[in-house]
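Morning, everyone. Let me put the model up, and then we'll go through two parts of it.

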Amino acid sequence: MSTVELADLTTCLHCGQKFSHPRLTIIGDNNARLNSYLKGLNDHLASKHPELGMQMAQHGMAFMEMLFLRNFRTTDPELSEQQDRVRWQVHQQTLKARYPDENLEQQAAGLAGRLIELMLECEQATDDDSELEDVAKNAMTSVIAEAFTSIRDALEEPGKYPAPVPASSKVLV
Ligand SMILES: [Zn+2]
């Protein structure tokens, strides 16, 4: 029985064209395959969507401006606002997770359910009211902290990769 590996696909978000690249391991150069794949994607953008090069250059400029401005601490309100504006622009481009309201409401409802369960469990576990308050508070604190932590980790992605190599360095435009 022959194993036919399904090809991984990369789709251009602007025209729907599909690309794939064999999963060959080239000994001695771990980046050769990825670089050649990126070169093909880059050629596609340059020939089919040349106007995107301008947009990328603008985003690149915002990134450069952020890197430049963050070398200074200022009390000048206008400069300070500009620092925050370019940081925000770059931040919007790199966010992976977004939290729609209904998603947050679902999570809050789940959390409320867990807190009520905890309260009932604590009430059963102890008859002493003063002790109950401490036990319940500790238990609830850890449940709420866990929820905050999961949101923080989704936004900050701490330690996801060993070294911070910006994805933009891979764009060959
Ligand atoms: Zn395209």
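First, a term: axes are lines fitted to C-alpha atoms, for helices over the stretch in contact, and angles run from 0 to 180 degrees between N-to-C directions. Helices are DSSP runs of H or I, at least four residues, numbered from the N terminus.

Now the ground rules. This is a predicted model, where local features need pLDDT of at least 70, side-chain atom pairs count only at pLDDT 80 or more, and totals for chains, interfaces and linings use all residues. Residues are numbered from 1 along each chain as its sequence is written.

Start with the helix pair. Helix α2 is residues 51-69, and helix α3 is residues 77-94. Their axes come within 9 Å and cross at roughly 130°. So α2 and α3 are oblique to each other. (Under 35 degrees is roughly parallel, over 145 roughly antiparallel, 65 to 115 roughly perpendicular, and the rest oblique.)

Who makes the contact? From α2, His59, Ala62, Phe63, Glu65, Met66 and Leu69. From α3, the residues include Gln82, Val86, Arg87 and Val90. Contact here has C-beta atoms, placed from the backbone, within 7 Å.

Next, α5, residues 129-156. The end C-alpha atoms are 40 Å apart, which agrees.

What follows α5? Glu157, with a positive phi, near 45°. That is a positive value in a residue other than glycine. Glu157 is exposed, with 12 other C-beta atoms within 10 Å. (Exposed is 12 or fewer, buried 20 or more, partly exposed in between; C-beta atoms are placed from the backbone.)

Note on methods:
Helices (H or I, at least four residues) and strands (E, at least two) are DSSP runs, numbered from the N terminus. Two residues are in contact if their C-beta atoms, placed from the backbone, lie within 7 Å. The expected span of a helix is 1.5 Å times one less than its number of residues.
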